[in-house]
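Please open the structure in the viewer and keep the selection panel at hand.

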Amino acid sequence: MIKDIRAHVAEKLKELDGVVALRRTTEGTAPYLFQEGDDLSQLVLEPRYPLASVISLLQKRYPEARFGIVARGCDTRALVEMAKREQVDADRLYLLGVACTAEEAEECHCAEPAPDVSMWPEAEVIGTPVPGAPPNPIVAEYENMSLEERQAFWQQQFLKCIKCYGCRDICPECFCESCALEDPLWVERGTLAPAFPMFHLIRAMHMASRCVACRQCELVCPAHIPLTVLYDLIRRDVGDLLGYVPGADIAASPPLSLTLEDAPVQVELD
Amino acid sequence: MEYRNVLTTCVYCGSGCSLYIQVLDGEIVGILPSKEHPISRGSLCIKGWNATSFVTHPDRLKSPLIRQGDGFVEATWDEALTLVAEKLKTIHDESGPDSLGFFTSAKCTNEENYLLQKLARAVFKTNNVDHCARL
Amino acid sequence: MSEPFEPKVVAFLCNWCSYAGADNAGIARMPSPPNILPIRVMCSGRVSPEMVLRAFRSGADGVLVLGCHIGDCHYISGNHRTAKRIPLLRNLLGYVGINPDRLRLDWVSSAEAPKFAKVTQEFVETVRALGPMARDSATEETGG
């Protein structure tokens, strides 16, 4: 599959200004903008970095340029949500989708391990899509946990937080120039762990209708806090309450700031 | 048009986490953790995530400054180094080697730190050498 | 012998409807519990999740958000956002083990003084039965 991808990219580089993908050198692997003439044997697919953020950065600097991206399912969903919020220009982006393997899907508890390129102006998919993996077992048994058990679980988890802001910094959907988490009014300064439940609940609420389950936040957390459990639960609620699934439909506007006529409540929660 | 990630080591604590500096057309535009580093393994602390904030900080000096009265005037490296050498020698001769102290920095290379402690110990004959953490 | 628990309830009241309703309840001498700390906002849509969480963090045992009825918002659709935001936040509180019934959203117009009295009385009793917030979140134990 990787040879296929490299060949596709080589071909596309004749017409695009560059393709964002992971590059492996003797130093290590990191996102890179491949351009015509670059050594494509260096193009690899892992370890995963949030490539969608790189596209946003490049397009803002070069709004007229046409870029491509080697994108997994999560990258594609992130691009969809960023496009809706004017962080990415979908019309100037060629998407070379890559289907994840079953092992990769399992590792990420990913429900959609293949990019849905049907709504993308210019795209194709390499690799055979595999079915989605089951959700994180913690999410699955959440219904059975009592309020006390849930509280004990999260208190123990949040006590580990060193407030590195890694979850916020790595997230492709976190692009606010003025972040509520840095406002001392909401998140007290000078205390570790951050006061329960301010930091993490504010972040979870802000992730409603944005989180595309790319799992980068959980991977980057030095304290290994299972953040995505909370974000998975809130994503499910947004789906139930408003019928909105982040990353699923590039034409669906984010519902939380819309009126009830434009984005009605589908089902009352609880 | 060039976007690449440059692998480097965080300048702050002794953990020595690796990180990538995102560089777009020669300009620093962000930081990414290094997922393959055996110590940091894809994480960074808050200082690591902001490790490049000093690079283009407006407070950063662009030339040596020499105190004059209540303020500072810009000077050349020659003027500044000549003044420093003269003053250090004078203080050393008048008040003895241990009247001098030398502070080095986390943002210097190991080699530069080595040179400064050599200067302190071998040239000025004092063991009063420490690190900016002490400031 | 310790004193019985008196809940502290922060109530975000929108200027045009529920705050006026609260005023009218007062003028008509309808009893509302003294446990309520009213905070006037121009619209219930102004009430962000941060504000609600801050109220809990500052010592509230319950938070009440009262806005205009849907369709009557002074800013046309401000309360539409409240209608979506608060249910999500209630669920989220439940996910971290804080009883969601500590947060309630309701619609009270300026002419509904009796409803204001009733909702506040009911809510204070709900929170009284739930007990102090510290039992749910032990805020003293975290925050370093």
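Begin by selecting domain 1 and domain 2 of chain A, whose C-alpha centres lie 25 Å apart. In this predicted model, the domain assignment of chain A places domain 1 at residues 2-126 and domain 2 at residues 137-257. Colour these two ranges separately, then turn to the place where they meet. There, 16 residues of domain 1 of chain A are in contact with 16 residues of domain 2 of chain A. On the domain 1 side, α2 and α3 (73-84) of chain A each supply at least two residues. Select α3(A) next: the largest share of that side, eight residues, comes from this helix. Sorted by class, the side of domain 1 that touches domain 2 in chain A has eleven nonpolar, two polar and three charged residues.

Remain in chain A and select A:Glu46 together with A:Pro47. A cis peptide bond joins A:Glu46 and A:Pro47, with omega at about 0°. A:Pro47 has its place in the loop between β3 (43-44) and α2 of chain A.

Move on to A:Leu192 and A:Ala193. The peptide bond that runs from A:Leu192 to A:Ala193 is likewise cis, and its omega is near -5°. A:Ala193 lies in the loop between α7 and α8 (198-207) of chain A.

Two residues with positive phi come next. Select A:Tyr165, in the loop between α6 (147-158) and α7 of chain A. Its phi is near 65°, a positive value in a residue other than glycine. Is A:Tyr165 buried, partly exposed or exposed? With 19 other C-beta atoms within 10 Å, A:Tyr165 is partly exposed, because burial requires 20 or more.

Then select A:His224, which is found in the loop between α9 and α10 (227-242) of chain A. A:His224 is not a glycine, yet its phi is positive, at about 55°. A:His224 has 11 other C-beta atoms within 10 Å and is therefore exposed, the limit for that class being 12 or fewer.

**Where chain A meets chain C**

Show chain C beside chain A. Of the two pairs of chains that touch, chains A and C have the most contacts. Here 29 residues of chain C are in contact with 38 residues of chain A. For the chain C side, select α2 (49-57), α3 (78-95) and α5 (133-137) of chain C, the elements that give two or more residues to it. Which element gives the largest share of the side of chain C that touches chain A? That share, eleven residues, comes from α3(C). By class, the side of chain C that touches chain A has twelve nonpolar, ten polar and seven charged residues.

**Where chain A meets chain B**

Now bring chain B into view. The contact between these chains takes 26 residues from chain A and 20 residues from chain B. To see the chain A side, select β2 (29-34), α2 (51-61), α7 (166-170) and α9 (216-220) of chain A, each of which supplies at least two residues. β2(A) gives the most to this side, with five residues. The residues of the side of chain A that touches chain B divide into 17 nonpolar, four polar and five charged.

With chains B and C both displayed, look for the gap between them. Chain B and chain C do not touch, and their nearest C-alpha atoms are 17 Å apart.

**Chain B on its own**

Hide the other chains. Chain B has three helices and seven strands. From the N terminus on, its elements follow the order β-β-β-α-β-β-α-β-α-β. The radius of gyration of chain B is 19 Å, well over the 14 Å that the globule rule gives for 135 residues, so chain B is more spread out than a compact globule. Of the 135 residues of chain B, 18% count as buried.

Strand β2 (residues 18-24) of chain B pairs with β3(B) over six bridges in the antiparallel sense. To end the tour, select B:Ile21 and find its bridge partner in β3(B), B:Ile31.

Technical notes. Residues numbered from 1 in each chain as written. Chains lettered and ligands numbered in written order. Predicted model: local features only at pLDDT ≥ 70, side-chain atom pairs only at ≥ 80, totals over all residues. Contact = placed C-beta atoms within 7 Å. Helix = DSSP H or I, 4+ residues; strand = E, 2+ residues; numbered from the N terminus. Nonpolar A, V, L, I, M, F, W, Y, C, P; charged D, E, K, R; others polar. Rg over C-alpha atoms; globule rule 2.2 N^0.38 Å. Pairing = 2+ DSSP bridges. Domains from an automatic or database assignment.
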